Every structure is written in structure tokens, then in C-alpha cells.
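Keep the structure in view as you read.

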Amino acid sequence: MTAESVRWGVLATGGIAAAFTADLVDLPDAEVVAVASRTEASAKAFAERFGIERAYGDWAALAEDADIDVVYVATPHSAHRAAAGLCLQAGRNVLCEKAFTLNAREAEELVALARGRGSFLMEAMWMYCNPLVRRLKRMVEDGAIGEVRHVQADFGLAGHLLPEARNGTLPPSHRLRDPAQGGGSLLDLGVYPVSFAQLLLGEPSDVTARAVLSDEGVDLQTGALLSYESGALASVHCSIVGGTATSASVTGSHGRIDIPHGFFFPDRFVLHRDGRDPEEFAADPADGPRNSLKHEAREVMRALRAGETESPLVPLDGTLAVMRTLDAIRNRVGVRYPGEDSAPDPALTPA
């Protein structure tokens with residue numbers, strides 16, 4: 001790492017990897033120096049697309065590249081433990097996509113490994129780094145709507161409209177329906193509503209949930225009620241069988257904040273306070289497109305330059321709490337993934 005740039009490696013070459021890399025190469029203080037995939041052909045094609053110097057046909061080569069300051073792990077979440085663990089073991093800092101892992105046990109292994117080695121680790125929960133979401137959080141913490149009583153958030157998509165759908169449905173081999181890839185709506189989409197609720201209320205004291213399961217045993221849609229000792233409640237919903245408004249609201253004892261659409265990358269929110277006219281707060285155009293991933297990249301680079309091993313915006317304890325809630329929801333609805341009952345990975349035991 002130099003004063004001028006932070007050197008990134010990208011592990012995986014799918015859609016989210018491409019979106020993040022496109023934003024990275026647009027940052028003057030970021031340099032993408034290497035990419036890795038399971039196949040050399042895929043890595044080379046990705047490298048040519050983004051002008052990346054080195055392309056590796058296996059993950060280990062990227063992990064061992066000492067010229068890399070931080071690795072962005074963009075595999076499906078079923079591979080996060082293995083990919084991020086490999087990089088941490090090799091001494092690399094890591095930004096890992098969400099859902100952070102398949103379950104809380106895997107997340108605890110990665111966090112223990114990073115903390116044991118003094119390496120930086122962060123979940124790529126870009127919502128937490130979004131300037132408008134951060135402003136909303138500060139307003140709530142400052143008492144703009146009084147004591148929080150209820151949080152609502154939903155995220156659903158119409159799976160039958162995705163390009164990969166066949167005859168109006170996603171094939172069983174698709175990652176959203178495949179248990180071996182951590183399929184279902186909860187880990188792919190539900191992590192956003194749960195993370196939004198916990199950003200404002202913390203970890204719930206009790207969880208109830210219902211889901212509609214596919215023939216393969218993954219959740220097609222899930223609804224959960226999170227309860228808190230303060231008396232607050234959070235209602236969260238996710239779906240891969242119907243597009244929702246992706247809206248959110250935070251209700252307090254003296255008002256309410258509504259995000260009418262796209263709560264995890266909002267362009268505006270509306271504050272309703274008792275006895276006052278509604279106030280709208282819009283995103284600053286200077287912050288860039290609402291779907292920009294640059295904010296989380298900047299936070300990683302800020303933390304690395306400051307010598308921090310965790311981000312205060314996306315703390316690891318918060319990531320672990322979200323994973324425990326996702327586990328609780330899956331336990332309530334009966335979703336289990338292959339290999340979850342196996343012993344912890346000894347390779348991820350801190351030295």
C-alpha cells in the first residue's frame with residue numbers, strides 16, 4: 001500500500017465482482033492488480049475487460065500474491081468461508097460479500113482468524129456505508145422520531161423474470177434454488193432487511209418466522225418478526241417469487257421515517273414528525289449513482305490507511321449478530337444446507 005493507491009485483488013468473476021471492479025477502477029486511489037477464478041480462461045477474460053495485470057486460475061495463487069493489500073471476495077456465499085479463510089491464512093486483508101457466510105459458526109471462524117492474525121476483515125454490507133443511510137441512522141440516534149417502536153423492511157424479486165429462468169421458473173440448478181450454493185431468498189436478499197433492522201435496533205431477543213420452501217428445500221419467500229427487550233419489533237420479508245417495493249420504515253414514539261423504494265441504496269427518505277409537515281431528505285448528487293459501491297471501497301481503504309483491522313461502519317460483531325439472526329430464522333423455517341453439521345474447518349483455526 002502506498003500513499004497514492006491501495007492495491008486490490010478480486011476473487012471471482014461474476015456479476016457483483018464486475019460491478020465492484022468497475023467502481024474500483026474509477027477511484028483514483030485504488031488499483032486492481034490481480035483477479036482469480038476457478039478457471040484461467042475466466043480470470044483472463046475478466047482481466048482483459050478491466051485492464052488488470054495478473055490473472056490466476058486458482059484462488060491460492062491470488063491469496064499468496066504479496067503485492068495485494070486487500071482481497072475482495074465475490075464468490076457465492078457458500079464459498080465465502082473457504083475463499084476468505086484462504087486469503088486470511090496467507091496474510092491478506094479481506095472484504096467479503098454478503099451474506100458473510102452460510103451460518104454464524106463459519107462467520108465466527110473467519111472473525112477469529114482475522115483477529116488472531118491482526119488482519120483487516122469486513123463484510124461488504126454497502127448499505128451501511130451509504131451516506132443517506134448513515135444520515136438516517138444519525139437522525140434516529142439523535143431522537144428525531146423518539147424511541148424506535150417498529151422497523152419494517154422488504155426485499156423481493158420476481159425470479160421468473162430473471163434471464164436464467166426457463167418456462168417461467170428458475171431451474172433447480174440455479175444458485176438461488178440450489179441448497180449446495182446456499183440458495184433461497186434469505187441469505188441472498190433477506191440479509192438486507194435483517195441488517196437494516198439490526199442497524200437501528202441491534203440483535204433481537206426473540207425471532208419467529210414462516211417460509212414457503214421449494215422442492216429442493218430452500219426458502220422461496222420468508223417473513224420474520226424480530227422482538228426486542230425494549231418492546232420494539234421488526235418485520236422483515238424477502239422473496240424470489242415476487243418483486244416487492246424494497247421499502248422500509250422506522251416508526252418511533254414521536255414520528256416515522258419512510259424510505260419508499262430501494263431502502264438499501266436510497267435516493268431519498270421522508271421524515272414525519274408529530275405535529276409537523278413531512279420533510280424530505282435527498283441523496284447528494286456529489287455522492288454518485290445510488291447503486292455505487294464506491295462508498296464501501298473508500299471505507300476499506302480509509303481503515304487500511306488508518307491501521308484499523310475493523311470498520312466502525314460495518315463492525316464484525318454486528319456481522320456476527322446478523323448471522324445469528326439469519327441462523328435463527330432458518331432454524332424456525334427448517335432450511336439446512338449440505339455440510340452444515342460437519343465439524344469446524346481446522347484450517348481456519350487461528351495459529
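**Helix contacts and buried residues**

In this predicted model, H4 meets H5 through His 80, Arg 81, Ala 84, Gly 85, Leu 88 and Gln 89 in H4 and Arg 105, Glu 106, Glu 109, Leu 110, Leu 113, Ala 114 and Arg 117 in H5.

Q: How many nonpolar, polar and charged residues are in the contact of H4 with H5?
A: The contact includes Leu 88 of H4 and Leu 110 of H5. Sorted by class, its residues are five nonpolar, three polar and five charged.

Q: Are H4 and H5 roughly parallel or roughly antiparallel to each other?
A: The axes of helix H4 (residues 80-89) and H5 come within 10 Å. They cross at roughly 10°. Angles under 35 degrees count as roughly parallel. H4 and H5 are therefore roughly parallel.

Q: Are H5 and H10 roughly parallel or roughly antiparallel to each other?
A: Helix H5 (residues 104-117) and helix H10 (residues 316-333) have axes that come within 9 Å. Those axes cross at roughly 165°. Angles over 145 degrees count as roughly antiparallel. H5 and H10 are therefore roughly antiparallel.

Q: Which residues of H10 make the contact with H5?
A: H5 passes H10 in a left-handed crossing. On the H5 side, the contact is made by Ala 104, Ala 107, Glu 108, Val 111 and Arg 115. On the H10 side are Leu 316, Asp 317, Leu 320, Met 323, Arg 324 and Asp 327.

Q: Why are the buried residues of H2 on the same side of the helix?
A: The buried residues of helix H2 (residues 40-50) are Ala 43, Phe 46, Ala 47 and Phe 50. They lie on the same side of H2 because they cover an arc of only 100° around the axis.

Q: Which residues are exposed on the other side of H2?
A: The buried residues of H2 pack against strand E1 (6-11), helix H1 (15-24), strand E2 (30-36) and strand E3 (54-56). On the other side of H2, the exposed residues are Ala 41, Glu 48 and Arg 49.

Q: Which residue follows H2, with a positive phi?
A: Its phi is near 70°. The residue is Gly 51.

Technical notes
Residues numbered from 1 in each chain as written. Predicted model: local features only at pLDDT ≥ 70, side-chain atom pairs only at ≥ 80, totals over all residues. Heavy atoms only, no water. Axes fitted to C-alpha atoms, helices over the stretch in contact; angles between N-to-C directions. Helix = DSSP H or I, 4+ residues; strand = E, 2+ residues; numbered from the N terminus. Parallel < 35°, antiparallel > 145°, perpendicular 65-115°, else oblique. Left-handed = near helix turned anticlockwise from the far one by under 90°. Contact = heavy atoms within 4.5 Å. Buried < 20%, exposed > 50% of the residue type's maximum accessible area, 1.4 Å probe, protein only. Arc of directions from axis to C-beta. Nonpolar A, V, L, I, M, F, W, Y, C, P; charged D, E, K, R; others polar.
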